[in-house]
Number of protein chains: 2
Amino acid sequence: MKNKYLVIFEELEAAIYSGKYPANTTLPSENELAEQFETSRETIRKSLNILAQKGYIQKMKGKGSLVLDLQKLQFPISGLVSFKELAEKMGHTSTTFVESFSKQKASPRLAKEMQLNPDDLIWKILRVREINKEKIILDKDYIVEKYVPDLTVDICKNSIFDYIEHHLNLKISFARKEFTVEQPTEEDYQLLDMEGFQAIVVVKNYIYFDNATLFQYTESRHRPDKFRFVDFARRSEL
Amino acid sequence: MKNKYLVIFEELEAAIYSGKYPANTTLPSENELAEQFETSRETIRKSLNILAQKGYIQKMKGKGSLVLDLQKLQFPISGLVSFKELAEKMGHTSTTFVESFSKQKASPRLAKEMQLNPDDLIWKILRVREINKEKIILDKDYIVEKYVPDLTVDICKNSIFDYIEHHLNLKISFARKEFTVEQPTEEDYQLLDMEGFQAIVVVKNYIYFDNATLFQYTESRHRPDKFRFVDFARRSEL
DNA sequence: AAGTGGTCTAGACCACAGC
DNA sequence: CTGTGGTCTAGACCACTTC
């Protein structure tokens, strides 16, 4: 935590949460903040841009940086967030069941979808997520073995993301997500508490490392009544 | 279009599309680009950051800016994109039917959801979107009348966004989107070609101006088989 | 006219990759 | 060691808002 602009961003974020800068007031001007934090204006601007991008403030030319109402806007569950992080944020009791766990050669279909060499091995993991005693999510993970060689069932019971980021020290950089709604398969009916629902929300996730290599493909299948995705989007100017 | 960093972004974007910078090669270094475009490195960095945010490149410390494969990643339909823009991008023939169009006092429920004064008037617009001869999307728009006073049926047949941005010259700034899957209502069955589907994808959209005032609430109801949402997300580092 | 945020500059030092 | 991108600075000018 040494980057000045990140430190300042976090201080301002905390200050907004604490009520030091209430909603519908403006932050001190960029020049004032630069003085307060003993830094240059460009650095302050970097911090403010993160606040804006995350939906804390709205900058207005000639006026100032308006603090937005977090209550009103609620909180985006967007970005790359793992099941575990999410469940904890919501304060739910959750359990993960590892239904199957194996290492195998990629099927031709998968090899194509993940752009693998034909002899690359992949981990194939099937997990069921239970929230409040209901089996609601089916996660199918396909992870390139050569990048994440020492996977175990125990790791899968917790967070694979956590293991990759903190134990292997690999940086997850970006992901492409795709949302669709499909007919449930036999597998869905068998493994989840479908309660008569005849649709399933499928989130396909292609996850990339820092160096732009695809290392994981995840298909998350959610019971439709329990699925909710919130996004905070800024209008791109182009 | 006078901002240097935007001009440079667009040139680089075009160059990537044209094949001048093929996938899996690196762009010229920031110093080289600064020379080429006769500008400072910080300005170049602004342009490159937009490219990265949009998924064109991946920056790697010590190495360079890698051009990503657009074919592989496909294109995100994310952000705030109107139905019309979207249909045109996909190359589909599309029609919009304005089912109803009225100005009225906001219902208590809506007034609360949109944080309005009890005597504010709103436009209420019901539109059905037809793509390839199938009625697939039901759009319910609620627009605060005092911000957009002169709405007409003709405008609704085209793009309301377009009207607001280019004719009223108001700046749309950000939106909060929420995706859920629900049971279709009677209205859905009546107005859309539901073909036996028993679920509907509901996208709730709260749209804000530049000055952080909420001016429009839109509920877009999609037939589940025709719904697809793609997102390109960078891992936030916090 | 004074204050605000938006852009741009020319330089500096750092951490990291690769030879 | 050199070259890369990442951070930071101190200043400048501009467009916009407010008085």
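Predicted model: local features only at pLDDT ≥ 70, side-chain atom pairs only at ≥ 80, totals over all residues.
**Before you start**

Residues are numbered from 1 along each chain as its sequence is written, while chains are lettered from A and ligands numbered from 1 in the order in which they are written. Local features need pLDDT of at least 70, side-chain atom pairs count only at pLDDT 80 or more, totals for chains, interfaces and linings use all residues, and side-chain values use heavy atoms, with hydrogens and water left out.

**Stop 1: DNA strand D**

Select DNA strand D. Around it are 24 residues, counted as near if one of their heavy atoms lies within 4 Å of it. The closest are A:Lys4, A:Tyr5, A:Thr39, B:Arg41 and B:Glu42.

Now zoom in on phosphate oxygens of strand D. Look for polar contacts, pairs of N or O atoms within 3.5 Å.

- A:Lys4 places a backbone N or O atom 2.4 Å from one.
- A:Tyr5 has a polar side-chain atom 2.6 Å from one.
- B:Glu30 has a backbone N or O atom 2.8 Å from one.

Next, show helices (H or I, at least four residues) and strands (E, at least two), which are DSSP runs numbered from the N terminus. Which helix gives the most to this surface? It is α3(A), with four residues.

**Stop 2: the two chains**

Select chains A and B. A rotation of 180° with 0.0 Å of shift along its axis superposes chain B on chain A, with an RMSD of 0.1 Å.

**Stop 3**

Select β9(A), then β6, β7, β8, β5, β4 and β3 of chain B. In that order they form an open sheet of seven strands with antiparallel pairing. Two strands pair if DSSP finds at least two bridges between them. The edge strands are β9 (229-234) of chain A and β3 (94-105) of chain B.

Finish on β3(B). It is joined to β4 (121-131) of chain B by 11 bridges. Click B:Ser100: its bridge partner in β4(B) is B:Leu126.

Note on methods:
Polar contact = N/O pair within 3.5 Å; in protein donor to acceptor, adjacent residues only side chain to side chain. Least-squares fit on C-alpha atoms with pLDDT ≥ 70 in both.
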